[in-house]
Each structure stands twice: as C-alpha cells, then as structure tokens.
Amino acid sequence: MVAPCLPSLFAQSSAAGYLAVGEPAKVAGTRNAAVQAKIPVTVRVGYHVNSNTPSDDYLIPLKLTWSSTGALEGGAITYPKPSLEKYEFSEKPLSVYTGNFDLVANFKVAANAPAGPGVAVGKLKYQACSNKACYAPKTVEVSVPYQVQ
Amino acid sequence: MRAASVKPAGERKNAPEFTLKDGDGKVVHLADYRGKVVLLDFFATWCGPCKIEIPWFTEMERKNKDKGFAVLGVSMDDEGWEVVKPFLAELGVNYRVVIGNDSTAQLYGGVDALPTTFLIDQSGKIAAIHVGLASKKDFEDGIQQLLEAPSPLTSGGGPVPALAVRPE
C-alpha cells in the first residue's frame with residue numbers, strides 16, 4: 001500500500017452543477033503495488049445526490065466508472081456510508097450524500113507498467129435534488145494522476 | 001376568497017407550440033388542446049417530487065375532464081417509453097403523456113428542475129408556472145379559476161386573432 005503523495009485542492013470539474021469533484025492527490029507505487037486514490041466530492045449546500053445504493057429502484061445512483069486507467073488495474077470504488085435523510089417529497093428517509101465526502105478508488109499497479117507518470121480517467125454520474133425539485137442526471141469527469149516508481 | 005393562483009389575463013404569454021408522440025405513437029400538438037385549460041407537467045421517472053404530484057394530477061383529470069380541462073404529461077426520461085410506460089402503469093396515470101426532449105425543454109425556458117408545471121388557459125396562454133413540488137391546493141385553485149373565467153374563445157370577444165395564439 002502506498003500513501004498519496006500530496007494534499008489536494010478542490011479544482012477539478014467544478015463547473016456549474018450540483019456536485020463538484022476535487023483534484024485527487026497523486027498516487028504512487030511500484031509494479032504490483034496496491035494504491036488507493038481518494039477522490040474528494042462536494043455537493044452544493046441545499047442539495048443532495050442519491051447514494052450508490054438508493055432507497056428505491058427508481059432513483060439514479062451515484063456511480064464512478066473508469067474509461068481509462070492506464071498502468072493501473074482494477075479501480076473498484078469504495079463509497080462512503082450514506083446518510084438517511086427525510087425530504088418533503090419522500091415518505092421515508094432516502095439514502096443520500098450531502099456536503100463533502102471522499103470516494104476511494106482501489107487500484108493495483110500493473111506488473112508490466114512502465115515507470116513514469118500517467119492519469120486514470122473516469123466519469124462520476126450523479127443525480128441531484130433539493131427538498132422540492134430534482135435535476136437531470138449529470139456526469140463529471142474524474143482524473144487521478146499517478147506515478148509508477 | 002381564493003388566493004391569486006394565476007396571472008391576470010393581460011400578463012400571460014403564449015405557451016410555445018410543440019409536436020410530440022404519445023405512448024401509442026400518436027402525434028400530439030399542444031394546439032390540439034386549444035379551448036381547454038391544460039396542466040402541462042414536465043416530469044421524470046427518477047424524480048421523487050414528481051411522484052408526489054402525479055397522483056394529484058390523475059385525480060384532477062378525473063374530476064375536471066368533462067369541464068374543459070386536461071392534463072398533459074411530458075416525460076424528460078432519456079430512456080423513453082421503456083421506463084415511462086411501466087411508471088405510468090404503476091401510478092395509474094389516466095391522462096395523456098408524451099416524451100419530451102431538449103428542444104421542448106428549451107421552448108419552456110430550459111426546464112432544469114423537475115417537476116415544472118405550466119397551467120395554460122383556454123386561449124393557449126401560460127397562466128401559472130410551478131417549479132418544483134407545489135401545493136395541491138395551488139393547482140386546484142388555479143384550475144378552478146381558469147375554468148370559471150370566461151373563455152376568450154367562447155365569450156363575446158369573438159375569435160382570438162391568430163397572432164394572439166401563435167407560439168412565441
């Protein structure tokens with residue numbers, strides 16, 4: 001296991017929307033090493049997004065998928081524990097994320113990875129609501145920089 | 001005395017015309033509803049607040065359909081009828097529904113938030129807009145006010161000039 005190299009600042013994919021993804025710290029590891037990338041996410045105040053395991057089938061879950069992981073393999077996501085919140089439009093509490101939280105991507109450096117830098121690229125799909133209205137699903141690009149040592 | 005749920009007639013703008021298909025593939029023009037009070041509801045199957053309002057609209061359709069009122073639902077689901085038809089069946093929707101698109105949404109100001117509901121008077125003008133979950137009473141009051149108002153299509157003023165009903 002290799003720790004992230006640097007602290008991150010929220011800068012990535014923060015275009016107008018209800019959810020912004022911060023810039024993950026660069027991860028580094030040798031061939032075959034397990035590395036974890038912490039991806040900071042912020043939901044705009046007054047809004048929520050459905051968790052990765054929504055309370056009802058009709059709700060659209062938060063989901064991060066990788067389109068290219070370069071010299072990294074895997075990328076399974078560990079989602080944080082959602083909160084159960086009651087809203088004006090829901091009869092029962094909904095499984096949601098609000099505020100700031102981290103997604104953790106679990107990679108392994110490929111056995112034949114060339115030394116050097118790279119970037120894993122993915123998309124985070126979310127669907128946000130306020131207490132009274134919902135907004136069309138959107139995707140935000142996620143980039144995780146890495147260094148094969 | 002009821003609160004004012006609709007704009008005064010002189011302040012209303014024309015509801016933009018559109019042509020979309022219903023679940024049977026039949027073409028629906030908004031203009032087909034001219035002469036009726038129309039509740040035009042933009043919704044999606046993944047929208048929780050929409051699921052609260054839709055049963056109200058089903059009830060309002062049942063109560064008022066013989067009085068010159070109709071609900072028209074516009075689904076904004078990208079997946080189309082595959083997801084919308086089971087949803088309508090589950091909720092027992094009794095009014096006509098069409099599948100909308102970005103062009104339709106743009107005509108109505110983008111419709112970023114769902115539900116967004118337009119109450120349209122008999123002459124095709126927008127009398128009220130509700131963005132997000134509204135109160136059932138507001139809808140009921142608005143519908144009642146429009147149904148009770150003399151229709152410009154049937155009252156002494158004669159036919160509405162074509163210019164007055166042309167989409168903006």
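Biologist: In which loop of chain B is Pro115(B) found?

Modeller: This is a predicted model, in which local features need pLDDT of at least 70, side-chain atom pairs count only at pLDDT 80 or more, and totals for chains, interfaces and linings use all residues. Residues are numbered from 1 along each chain as its sequence is written, with chains lettered from A and ligands numbered from 1 in the order in which they are written. Strands are DSSP runs of E of at least two residues, and helices are runs of H or I of at least four, numbered from the N terminus. Pro115(B) is in the loop between strand 7 (113-114) and strand 8 (116-120).

Biologist: Which residue does a cis peptide bond join to Pro115(B)?

Modeller: The omega of this bond is about -5°. The partner of Pro115(B) in the cis bond is Leu114(B).

Biologist: Is Val111(B) buried or exposed?

Modeller: Val111(B) lies in the loop between helix 3 (102-107) and strand 7 of chain B, and its phi is positive, near 45°. A residue is buried if 20 or more other C-beta atoms, placed from the backbone, lie within 10 Å of its own, exposed if 12 or fewer, and partly exposed in between. Val111(B) has 21 such neighbours inside 10 Å, so it counts as buried.

Biologist: Is Asn32(A) buried or exposed?

Modeller: Asn32(A) is in the loop between strand 2 (27-29) and strand 3 (34-43) of chain A. Asn32(A) is not a glycine, yet its phi is positive, about 75°. Because 12 other C-beta atoms lie within 10 Å, Asn32(A) is exposed.
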